[in-house]
Amino acid sequence: MSLLDVRDLAVEFRTRDGVAQAVNGVSYSVEAGETLAVLGESGSGKSVTAQAVMGILDMPPGRITGGEIVFQGRDLLTLPEEERRKIRGSKMAMIFQDALSSLNPVLTVGYQLAEMFRVHQGLRRKEARARAVELMERVRIPAARQRVGDFPHQFSGGMRQRIMIAMALALEPDLIIADEPTTALDVTVQAQVMELLADLQREYNMGLILITHDLGVVADVADKIAVMYAGRIVETAPVGNLYRTPAHPYTKGLLDSIPRLDQKGQQLSVIRGMPPSLLQIPPGCAYNPRCPMARTVCRTDEPPLYEVVDERRSACHFWKEMFDAS
Amino acid sequence: MTERREQGGRGEPILEVRDLVKHFPLTQGVFFKRQIGAVKAVDGISFDLYPGETLGIVGESGCGKSTVAKLLMNLEQPTSGTIRYKGEDITRLSGRALKAVRRNIQMVFQDPYTSLNPRMTVGDIVGEPFDIHPEAAPKGDRRRRVQELLDVVGLNPEYINRYPHQFSGGQRQRIGIARGLALRPEVIVADEPVSALDVSVQAQVVNLMERLQDEFGLSYMFIAHDLSIVRHISDRVGVMYLGKMAEIGTDEQIYEHPTHPYTQALLSAVPVPDPESEGKRERIVLEGDVPSPANPPSGCRFRTRCWKAQQRCADEVPLLAVPTLFEGSGSGAAHPSACHFAEERAAVVAA
């Protein structure tokens, strides 16, 4: 049994302009100690899926219209809110992109960390504070004892993100969802934070879902990747294989369109057009208007997730052509 | 190719920046403001920009790269130093002379969502430069010129009456570029022009900028924190750290033969989307954060995070010069680097 099993999840948002189909039948699973990277551009539904798993989706306007989220054998969507709240924080935790706006600016970081222990474990103030210092040390914040009384704005971006990580780790959850954890950080700090996250994951044998738009960040930390487009998973694969032999034209387009540090290209190859509006997802394969390989069938039939080889799936009618060509 | 650029593209620099300094005062007190210090955002930077070339400036947040952009645009007054445009110091200009220079140096901003006025139509936004510089286009001709510009940046000219919110991020950035091009400038200062865009759209905008450069013979100053994109678009690259230029050279010199430890660390920290070469690369993970520009370390600014730092680095500010070790060697390492112990490090970017 997997730690987390998302099956056929569908989420929509009711907006003034119509119903936005944000997630359309997404399935993925994460084992203990495994890192799943969910890759996609803005509007691909990667964050919405994660929010549904965490149970922090804004409802309304959001609505889960189908599927199940099985976590440690229980379908979270059927649990009462009371039960879910117990799971949130203690069994699964989330790290957000923007640490500054996710931390309370008028409370010290020590207070915010200690709160986790006081609320979930009923610890006394003093004990909780000692645990907070311990946590700050564990995420390698220098002079933790002196800084426990500081406010979020007194920390740098990288340090704030460490505090977010500490908060997520506080109750030693089994699953961590990190939504673009390093996007707001500078390159050198990004490397520090990713390394820390990977170390801690190994230490605690947690499952990790890493949501990102950056193909580079996931290359060396993820075990497997799910690529999302217009609310669907278009390709899943173990990390190495995906980069070597992409089996979906969108993945290939993405890989080709990023400039490489070690290569000076002439012209970047481009995915033409732009991602579709979620109010009006094209019929058939959602990628067909931008796809260089699109044929008639792509405009009419939505491709299922074909099994390519072991552990690899691609939602392209012509995955075989893609696969053989690469 | 680099050589062709170096010889053919050179000649007289179009912009010469010398010892540029910008300190923002820190004050205390409400009625009697006392200066208690200064944020040394830019602290003595020199470089040249040649016609038709792209100079990339990379650095982390707080290194002063955006302040340099504002100084070049004359949006901020430098504390000291000169910026010469075709030999004329533009920091001392005002009135009509300044306006004339500004026409030739235009800017493209980072955030296409906040840099376009939501209450103006695309036609008004792109045509606004003509209001300020009426001599650039006769009044009756403007609409046609705006449509031409939209066409040039790959937007449908019929969109002229639409509002910014009706466009996607990539399209908005095209509008920003069209506005920058309106006055036919010679220099475009682009401050993180693609950072806010999705990966698949980034490539479109980068390609567009390259095409426009060829078409109009523009010089770009391309400021970004993304080293891969900077390498892709730039002929020469300058690396900034805490208000100083750490290293400057051609793209090949910087990316293949970096000699400054900061550049080496920066390059090694960039994630490469290829797990195989990723495994072979040696990562330098720097300790700590960038120090505050209000209170920078003595001597070399990078020494607090540098693994090579010695007493000399605290005492002596390293000058930006070709390291004596490599002087005249003809190797890629022979380019200006502000480090006392500049040396090459094998395979920082293993291909």
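This talk walks through chain A as a whole, then one of its strands, then a sheet and a helix in chain B.

Keep in mind that this is a predicted model.

Chain A, then. It has 13 helices and 12 strands. How does its radius of gyration fit a compact globule? A compact globule of 326 residues would come out near 20 Å, and chain A has 21 Å, so the two agree. The box around its C-alpha atoms is roughly 65 × 50 × 40 Å along the principal axes.

On to burial. Of the 326 residues in chain A, 56% are buried. Now contacts. Take those in chain A with a separation of 6 or more: 63% of them join residues 24 or more positions apart.

Charges next. Chain A carries 37 positive side chains and 40 negative ones. The centres of these two sets lie 4 Å apart.

Let me zoom in on strand β8 of chain A, residues 207-212. Why call this strand largely enclosed? Six of its six residues are buried, so the rest of the structure largely encloses it. Look at both faces. One side has Gly207(A), Ile209(A) and Ile211(A), and the other has Leu208(A), Leu210(A) and Thr212(A); all are buried.

What pairs with β8(A)? Strand β3 of chain A, residues 35-39, runs parallel to β8(A) and is joined to it by five bridges. There, Ala37(A) has Leu210(A) as its bridge partner. Strand β7 of chain A, residues 175-179, is also parallel to β8(A), again through five bridges. In that pairing, Leu175(A) sits opposite Gly207(A).

Over to chain B. Here we have an open sheet of four strands, in the order β2-β1-β4-β5, with antiparallel pairing. Strands β2 (34-49) and β5 (88-89) stand at the edges with a single partner each, so each has one side without a neighbour in the sheet. Further in, β1(B), residues 15-28, and β4(B), residues 80-85, run antiparallel and share five bridges. Arg18(B) stands opposite Thr82(B) of β4(B).

Last stop: helix α2 of chain B, residues 65-72. Is this helix mostly covered or mostly open? Mostly covered: six of its eight residues are buried. They are Lys65(B), Thr67(B), Val68(B), Ala69(B), Leu71(B) and Leu72(B). Note the lysine in that list, Lys65(B). After the helix comes Asn74(B), with a positive phi near 65°.

That is the tour. Questions, please.

Conventions: Residues numbered from 1 in each chain as written. Chains lettered and ligands numbered in written order. Predicted model: local features only at pLDDT ≥ 70, side-chain atom pairs only at ≥ 80, totals over all residues. Heavy atoms only, no water. Helix = DSSP H or I, 4+ residues; strand = E, 2+ residues; numbered from the N terminus. Rg over C-alpha atoms; globule rule 2.2 N^0.38 Å. Buried < 20%, exposed > 50% of the residue type's maximum accessible area, 1.4 Å probe, protein only. Contact = heavy atoms within 4.5 Å. Lys, Arg positive; Asp, Glu negative; His and termini not counted. Charge placed at Lys NZ, Arg CZ, Asp CG, Glu CD. Pairing = 2+ DSSP bridges.
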